[in-house]
Amino acid sequence: MTEQVDVVVIGMGPGGEQVAGRLAEAGLNVVGVEAELVGGECPYWACVPTKMMIRAGNLLAEARRVPGMAGTAEVRADWSPVAARIRDEATDDWNDRVAADRFTDKGGRLVRGRGRLDGPGRVTVGEQSFEARHGVVIATGSRPQIPPVPGLAEVPYWTNRDAIAAKEPPRSLLVLGGGAVGLELAQLYARFGTAVTVVEAMDGLLPADEPEAGALLAEVLEGEGITLRTGARAVQARHDGEEFGLALESGEELTAQQLLVATGRRADLAELGLETVGLDPGAHTLSTDGHLLAAPGLWAVGDVTGHGAFTHVAMYEAEIVCRAVLGEPGPPADYRALPRVTFTDPEVGAVGLTERQARDKGLRVRTGMSRLPSSARGWIHKTGNEGLYKLVADEDRGVLLGATAMGPAGGEVLYGLAVAVQAEVPVETLRHMIFAYPTFHRGVEDALRDLG
Ligand SMILES: Cc1cc2nc3c(=O)[nH]c(=O)nc-3n(C[C@H](O)[C@H](O)[C@H](O)COP(=O)(O)OP(=O)(O)OC[C@H]3O[C@@H](n4cnc5c(N)ncnc54)[C@H](O)[C@@H]3O)c2cc1C
Ligand SMILES: NC(=O)c1ccc[n+]([C@@H]2O[C@H](COP(=O)([O-])OP(=O)(O)OC[C@H]3O[C@@H](n4cnc5c(N)ncnc54)[C@H](O)[C@@H]3O)[C@@H](O)[C@H]2O)c1
């Protein structure tokens, strides 16, 4: 028996939950299908618990900055309140009852299991089958991408999930991948006393960001005692029951109690039945139009679209899909001012294009940079004041294409820059603004001056 409904949402992470909840509230008959936990990766194994862990690590770091600034402080790190907060406050011990109730209270129907397309508008979940009058939304997110390093598949490595569920910090940790996941976790574990080594294949950390930001972050992390190996290729992984070993192409072998693989994420589209709606199940992401339509009556939101693996992208796309399904007017998706923040200390906030991306597009680019320690606020702040601002301007149009705000409040400073990129505020207008003294964001004025 096939049940007739209005909409089926496959995957109830931040993107799917938002679509399904809002459409149910609007009175549609919505089925939300979830294979694991309603809420997805973000609240249970990603954004929320990592930011709780980072908050704890940053508290330790701030306390260690007291000497020479405000007296003396004796700091003894203890992981137990961190592990307890993750269980009690962030994840309810990885129980999604609150999130599931939130959806059903809006009038939605939750079906537990793995959803699969079975032709246009049709979805099966185990023995159950649904036909969706308005359409189907794919919001199945992503999972860790494990690189083909010989031996890696045979060893009990950690992914982000294990790093978040850990009941105590390991004595030593090898982190494969110097991107956002790897570096946020590397720094916070190091602050809790773990001896951390990061192995990154590219020449610098955060290779998708401005190289100046990656270089400064490397300096900061090394200053905190983290060992970095950049431009390093892992050629063999092993585990002898006690210890992990990672052999590098250089001949060096790194060892540690734990190995965290943080080398990116990929959408897993193979088992979704995409071939039944004329789409390629071997694709890396689902291609969509400006209103997130992947095929007639089939929308996609979140990590599966490849527009940026961030919760704010999933939620932004969810709103567009809701409008499309409800027939409400609204603009198509616009990713020009996509913001992203890596919550290391200092935070690395970025929006729009990097200098390299802008030049690769053939644009005439001018850049401006300022360093936080030489701003008034940076000088006042003193210890922990590392940071920089970099602006990328389109010389022909006189507007910002992108910007990086790195510093103690880099993610917050980013907001003004994101508005400037989104609204195409002329650089000339930005130059004649008043920047409050002595804020961290005043460094943006210095970077504007450096734009020339
Ligand atoms: C360690 C870490 C930290 C992060 N920190 C941040 C951050 O600070 N800020 C930020 O913006 N982003 C962050 N992210 C990224 C963020 O978690 C993701 O971009 C976000 O969760 C994506 O949401 P989504 O709805 O696309 O998918 P997901 O959250 O992946 O949810 C997809 C859901 O679909 C379910 N599912 C999959 N296949 C099926 C199926 N066939 N049937 C039924 N259900 C299915 C899954 O079980 C899952 O619950 C972080 C990621 C990681 C790994
Ligand atoms: N604060 C945030 O918003 C936040 C935090 C964490 C994750 N995320 C999201 O999750 C996504 C996944 O994060 P991630 O850090 O896993 O991926 P990533 O793509 O950001 O970084 C992965 C890193 O691993 C490196 N790498 C790949 N293969 C390697 C190999 N074999 N050996 C050594 N290094 C290798 C890459 O060069 C890259 O620097 C991010 O792109 C981001 O969208 C966001």
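What follows is a chat about this structure.

Student: What should I know before we start?
Tutor: This is a predicted model, where local features need pLDDT of at least 70, side-chain atom pairs count only at pLDDT 80 or more, and totals for chains, interfaces and linings use all residues. Residues are numbered from 1 along each chain as its sequence is written, while chains are lettered from A and ligands numbered from 1 in the order in which they are written.

Student: Okay, which domains does the protein have?
Tutor: The assignment gives domain 1 (2–39 + 96–142 + 267–326), domain 2 (152–263) and domain 3 (339–451). Those bounds come from an automatic or database domain assignment.

Student: And how far apart are the centres of domain 1 and domain 2?
Tutor: Their C-alpha centres lie 34 Å apart.

Student: Let's do ligands. How many residues surround ligand 1?
Tutor: There are 36 of them, and the closest are G11, G13, G40, G141 and G302. A residue is near a molecule or strand if its C-beta atom, placed from the backbone, lies within 6 Å of it.

Student: Which elements supply at least two residues of that shell around ligand 1?
Tutor: Helix 1 (14–25), strand 2 (30–34), helix 2 (41–45), helix 3 (47–64) and helix 9 (311–326) each do. Helices (H or I, at least four residues) and strands (E, at least two) are DSSP runs, numbered from the N terminus.

Student: What about ligand 2, which residues come nearest?
Tutor: Of the 26 residues around ligand 2, the nearest are P147, G177, G179, V181 and A309. Two or more shell residues come from each of helix 7, strand 9 and strand 18 (339–342). Helix 7 has the largest share, with four residues.

Student: Where does ligand 2 sit relative to the domains?
Tutor: It lies between domain 2 (152–263) and domain 3 (339–451), because both give residues to its shell.

Student: What does UniProt place at residues 339–446?
Tutor: An unreviewed UniProt entry places the feature "domain: Pyridine nucleotide-disulphide oxidoreductase dimerisation" there. UniProt positions are given in the numbering used here, feature names are shortened, and annotations may be inferred rather than shown by experiment. In the model, that span is 32% helix and 31% strand, and its end C-alpha atoms lie 21 Å apart.

Student: Switching to strands: is strand 8 buried or exposed?
Tutor: Four of the five residues of strand 8 (residues 172–176) are buried, so the strand is largely enclosed by the rest of the structure. A residue is buried if 20 or more other C-beta atoms lie within 10 Å of its own, exposed if 12 or fewer, and partly exposed in between, with C-beta atoms placed from the backbone.

Student: Which strands does strand 8 pair with?
Tutor: Strand 8 pairs in the parallel sense with strand 9 (residues 195–200) over five bridges, and four bridges join strand 8 to strand 14 (residues 258–261), also parallel. Two strands pair if DSSP finds at least two bridges between them. L176 has V199 as its bridge partner in strand 9, and stands opposite V261 in strand 14.

Student: And what about strand 6?
Tutor: Strand 6 (residues 128–138) pairs with strand 1 (residues 2–10) in the parallel sense over eight bridges, with V136 as the bridge partner of V8. V136 also stands opposite L298 in strand 17. Strand 5 (residues 122–125) pairs with strand 6 in the antiparallel sense over four bridges. In the hairpin of strand 5 and strand 6, G126 takes a positive phi near 60°.
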